[in-house]
Amino acid sequence: MNKDTAAEILKTAKEMGYVTEAGITKIKLVIYRDRGLIVGDNPFFSLVVDGFEKACREAGYEMALLNLDRQAEDYEKQVENLLLDQSTAIVLYGSELTDEEAAIFKKARTPFLILDYWNHDMSFNGVFINNADAARMAGEYLIKRGHTEIGYLKGSYRIKAFGSRSVGLQIAMKKHNLRLKPEYIVTLPVTMEDAYQQMLKYLDRNPKLPTAFFADNDNLALGAMQALKERGFSIPGDISIIGFDDLPFCEIAVPRLTSLRVPKQDMGRLAVREIVDMIQGKNTTKTKIQICTEFMERDSVRDLNDTKDAREI
């Protein structure tokens, strides 16, 4: 490459916002909130941020943290200022992001990546959880243990991850000629306390219950599990439950909750690795990285193939 060509490439990169005179030395983690019901002060979020911060430091980049509230009066101005800032690379934590709002960020003129969200028009680089396959694995686990009447604890606040988990569960069931019956779908708030209270109200109506529930996340699973126990049900003797995320509470719950572990710190680290490659010009192709989960088998699922009665807790 001759000097004139190199100079022209650098000039174009600067004009597009990918390079400044001083170079990009800061990575901004932007926390997108709509209602703040999913992204908040919880162990999942804090561990992702911890991995992100450590990876920035190891890579020699300064980390900045910005909260972006969709409900704020000056939201549009905040977004405009963010997208005009060409001195930092941006990683948008988009668990609560919708496709409509995501379209705004296509205007970014700096290295940009979305974490925990995926847009199927492939407009963005992204790092996110393999939600559908993980939920399918949970469904297969229940079916192999003799469960054919499987229910779904559905988060009332719908994010794209929950939709993918619902699809994954139903793929597993359809494979075995089963279907998710409407009467076995219980819609609950996404916080643990609210899920517990709503599940109590649901149980007071004496509904027909499945032998097992798959929950959109651990908050729903743990809240529902406490309500079931209070209404006299044995877990897993009467009803089995699987959660998603593997929050620290799962290990100390009684019974211990079977869940799908998301490598939270690694999510943060991978996001930094990808955005650094973009800053340094090593990655010029749109890519998506799916994080695989680990199945954490504990005590909340009964094997119906076993002729012995499950130990009641």
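**Exercise 1. Where is the place of Ser 300?**

Work on the predicted model. Find β12, residues 294-296. Ser 300 lies in the segment after this strand.

**Exercise 2. Decide whether Ser 300 is buried or exposed.**

Step 1. Take the relative accessible area of Ser 300: 0%.
Step 2. Recall the cut-off: buried means under 20%.
Step 3. Conclude: Ser 300 is buried, because its relative accessible area is 0%.

**Exercise 3. Find what surrounds Ser 300, and which backbone atoms its side chain reaches.**

Step 1. Leave out residues up to four places away in sequence. Ser 300 then touches Ile 235, Pro 236, Ile 239, Ser 240, Ile 241, Pro 255, Arg 256, Leu 257 and Thr 258.
Step 2. Look at Ile 241. The side chain of Ser 300 reaches its backbone oxygen at 2.6 Å.
Step 3. Turn to Thr 258. Here the side chain of Ser 300 reaches the backbone nitrogen, at 2.9 Å.

**Exercise 4. Describe how helices α7 and α8 are placed relative to each other.**

Step 1. Locate them: α7 spans residues 192-203 and α8 spans residues 218-230.
Step 2. Compare the axes. They come within 7 Å and cross at roughly 40°.
Step 3. Classify the angle. Under 35 degrees would count as roughly parallel, and 65 to 115 as roughly perpendicular. The two helices, α7 and α8, are therefore oblique to each other.

**Exercise 5. Name residues where α7 meets α8, and sort the contact by class.**

Step 1. From α7, residues including Met 192, Tyr 196 and Leu 203 take part.
Step 2. Among their partners in α8 are Leu 220, Gly 223 and Glu 230.
Step 3. By class, the contact of α7 with α8 has 11 nonpolar, 3 polar and 1 charged residues.

Methods. Residues numbered from 1 in each chain as written. Predicted model: local features only at pLDDT ≥ 70, side-chain atom pairs only at ≥ 80, totals over all residues. Heavy atoms only, no water. Helix = DSSP H or I, 4+ residues; strand = E, 2+ residues; numbered from the N terminus. Buried < 20%, exposed > 50% of the residue type's maximum accessible area, 1.4 Å probe, protein only. Polar contact = N/O pair within 3.5 Å; in protein donor to acceptor, adjacent residues only side chain to side chain. Contact = heavy atoms within 4.5 Å. Axes fitted to C-alpha atoms, helices over the stretch in contact; angles between N-to-C directions. Parallel < 35°, antiparallel > 145°, perpendicular 65-115°, else oblique. Nonpolar A, V, L, I, M, F, W, Y, C, P; charged D, E, K, R; others polar.
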